[in-house]
Amino acid sequence: MKLDEAVLLFVAHMRRKGYRPLTVGHNERGLKHFAAFMVHRKIFDVKKVDREDVQAYKEHLYFSKTKKSGHPRTAASQQLMLLFVVVFFRYLVQEGHLEKNPTASLILPRLERKISRNWLS
């Protein structure tokens, strides 16, 4: 199955399940970003995506800058973009389109935890 077809299938699934349009739109944009990265790597079939490709996408997110401000992506932004991909591949495995999940061993970026001011007094 082509990667862009799989993305459309997943987006249709989200709409059928009743996800909010904003949530569906964010997932669709994030997955199209991932699909564009895979096309750049000459990967067009969803079954050809492996762990190394997902890891390369994770590194791409770490080193890329945002379009709006030109600043590096925050850990939260990187984590969200990767979560779109993780949920997408989990869906494909559950529905029988893939046998193995290439994101199964992916470690997401850690978010910085800030101590509340109330605890510092």
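Which exposed residues does the face of helix 1 turned away from its buried side carry? Select Leu8, Arg15 and Arg16: these are the exposed residues on that face. Exposed means over 50% relative accessible area, buried under 20%, and partly exposed in between (1.4 Å probe, protein chains only).

Before moving on, note that this is a predicted model, where local features need pLDDT of at least 70, side-chain atom pairs count only at pLDDT 80 or more, and totals for chains, interfaces and linings use all residues. Residues are numbered from 1 along each chain as its sequence is written, and side-chain values use heavy atoms, with hydrogens and water left out.

**Stop 1: helix 1**

Select residues 3-16. This is helix 1, with 14 residues. Helices are DSSP runs (H or I, at least four residues), numbered from the N terminus. From first C-alpha to last, helix 1 reaches 20 Å, close to the 20 Å expected at 1.5 Å a residue. The expected span is 1.5 Å times one less than the number of residues.

Now pick Leu3, Ala6, Val7, Phe10, Val11, His13 and Met14, the buried residues of helix 1. They cover an arc of only 155° around the axis, which puts them on the same side of helix 1. The arc is taken from the directions from the helix axis to the C-beta atoms. Helix 2 and helix 4 are among what covers these buried residues. Step just past helix 1 to Gly18, which takes a positive phi of about 90°.

**Stop 2: helix 2 against helix 4**

Show residues 21-40 (helix 2) and 75-94 (helix 4). Their axes come within 9 Å and cross at roughly 90°. That makes helix 2 roughly perpendicular to helix 4, a term for angles of 65 to 115 degrees. The axes are lines fitted to C-alpha atoms over the stretch in contact.

On helix 2, select His26, Asn27, Gly30, Leu31, His33 and Phe34; they meet Met81, Phe84, Val85, Phe88 and Phe89 of helix 4. Contact means heavy atoms within 4.5 Å. The residues of this contact divide into 7 nonpolar, 4 polar and no charged.

**Stop 3: the rest of helix 4**

Among the buried residues of helix 4 are Gln78, Gln79, Tyr91 and Leu92. The buried residues of helix 4 pack against helix 1, helix 2 and helix 3 (51-63). Just after helix 4, Gly96 takes a positive phi of about 85°.

**Stop 4: Lys42**

Finish in the loop between helix 2 and helix 3, where Lys42 is found. Lys42 has a positive phi of about 70° although it is not a glycine. At 64% relative accessibility, Lys42 counts as exposed.

Definitions and conventions: Axes fitted to C-alpha atoms, helices over the stretch in contact; angles between N-to-C directions. Helix = DSSP H or I, 4+ residues; strand = E, 2+ residues; numbered from the N terminus. Parallel < 35°, antiparallel > 145°, perpendicular 65-115°, else oblique. Nonpolar A, V, L, I, M, F, W, Y, C, P; charged D, E, K, R; others polar.
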